[in-house]
Amino acid sequence: MSGAEAVFDGEWFREVLGQYPTGVSVVTAVGPDGAPAGLAVGSFTSVSLDPPLVGFLPDKRSNSWPKVQAAGRFCVNVLAADQEAVCRRFAAKGDDKFNGLGWRAAAGSGAPIIDGVLAWIDCDLETVHEAGDHYIVVARVRELAVERASLPLVFYQGGYGRFAPGSMAARDDDLADQLSLVDRARAAMETTAAAAQGQCVAAHLIDGNVVLLASAGTPASPGLSVTRIGSRHPAIPPLGTLWMAFGDPADVERWLARADTAEERERYRRMLEQVRERGYSVGLLSPDHLRIEAVLQRRRRMSPDQPLSADERRLIQSLPYDPPDYSLDEAALDVRSFHAPAFGPDGRVALVFVLVGFPPVTEPAEARRHLNAVLELAAEVTAIACADQTLCNE
């Protein structure tokens with residue numbers, strides 16, 4: 001419409017813009033009267049990395065925004081898929097939004113961090129701009145953290161739902177070759193994950209670190225998922241077993257040297273022989289898995305070259321991978337994950353596929369189906385990578 005302002009029906013405007021899904025957050029603060037205040041927003045976004053800025057757009061009609069603005073500092077709570085009731089509570093008018101709701105105060109702002117959120121971002125207010133019937137709020141991030149591994153709450157086409165990822169991949173420049181292979185494996189990863197009702201992850205070993213390249217599917221239980229795609233973790237025994245089982249002797253010795261004692265190095269050497277003979281690796285359930293996931297999440301903020309603490313090393317080395325007396329038929333109910341290698345044209349392990357996050361196994365036949373599925377996936381990707389070259393492992 002040249003030379004004139006376009007006029008749209010409000011409902012049509014919302015319907016068209018509703019085709020774009022947004023995450024849902026609750027912005028909280030302690031108001032001037034000392035009482036907690038909060039409002040739901042569907043417009044939260046990152047603005048700048050340097051300096052660290054975020055933004056959101058509150059409605060000018062909001063009764064809660066003036067209290068948050070007056071506080072001058074607030075906390076953005078990123079809601080999980082199972083927190084729709086929390087969202088509706090803060091989207092409604094009223095002064096009793098925190099009644100019966102679990103929360104703790106952020107160390108910096110004192111603003112409420114709501115129990116069960118995916119993540120929180122504690123901020124200081126920087127600027128507020130007018131924009132029609134909303135404000136554009138820009139804030140400086142002071143502290144932030146991930147609270148738990150789960151799926152986000154999403155607002156889409158006028159209703160609430162959850163993000164159901166098909167597959168996700170890292171974007172690191174030094175992984176271009178592996179990511180190209182992963183791209184060709186994505187459909188098969190999605191099929192494998194869906195059949196197991198779990199999560200299928202592709203991993204690669206580079207510079208002594210295991211990097212999680214891509215994932216497909218949604219774990220049946222968030223507590224059974226793996227850490228964020230793109231994260232890198234030091235490959236200390238037993239992490240990296242499959243690469244070492246089929247690796248160069250010099251690489252194997254360097255890996256074994258990362259164990260603490262000669263006795264442990266000998267144990268891991270026997271483990272490599274066993275894994276090489278089987279052609280796969282298996283991880284069993286352990287009460288320490290959640291603690292280890294928390295450790296790995298903390299390490300995402302660090303350089304992968306930063307040494308592990310003694311406690312971190314003990315936790316990782318306690319992981320129950322590939323026990324010598326393990327039998328799939330006898331111990332299937334204890335299985336947490338299956339790992340299978342895909343080989344490149346040089347005969348070395350190019351990728352390791354991990355099937356994890358599936359519902360509790362109730363019978364050995366079910367565990368064997370999961371194992372066969374990830375082995376078939378790895379074999380398919382090996383065929384893609386090798387392209388009939390004779391150097392590939394059979």
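**Buried and exposed residues in a predicted model**

Guide: The exposed residues A85 and A91 sit on the face of helix α3 turned away from its buried side. Exposed stands for over 50% relative accessible area, buried for under 20% and partly exposed for values in between (1.4 Å probe, protein chains only). The model is predicted, so local features need pLDDT of at least 70 and side-chain atom pairs pLDDT 80 or more, while totals for chains, interfaces and linings use all residues. Residues are numbered from 1 along each chain as its sequence is written, and side-chain values use heavy atoms, without hydrogens and water.

Visitor: Which residues of α3 are buried?

Guide: In α3, residues 84-91, they are V86, C87 and F90. A helix here is a DSSP run (H or I, at least four residues), and a strand is a run of E of at least two, both numbered from the N terminus.

Visitor: How do you know that the buried residues line one face of α3?

Guide: Seen down the axis, they fall within an arc of 100 degrees, so they line one face. The arc is taken from the directions from the helix axis to the C-beta atoms.

Visitor: Why is L17 called partly exposed?

Guide: L17 belongs to helix α1, residues 10-17. Its relative accessible area is 48%, so L17 is partly exposed.

Visitor: Which residues touch the most other members of the largest nonpolar core?

Guide: Among its 38 residues, these are M189, V335, F338, L351, F353 and V381. Such a core joins buried Ala, Val, Leu, Ile, Met, Phe, Trp, Tyr and Cys through side-chain atoms within 4.5 Å. Helix α4 gives the most to this core, eight residues.
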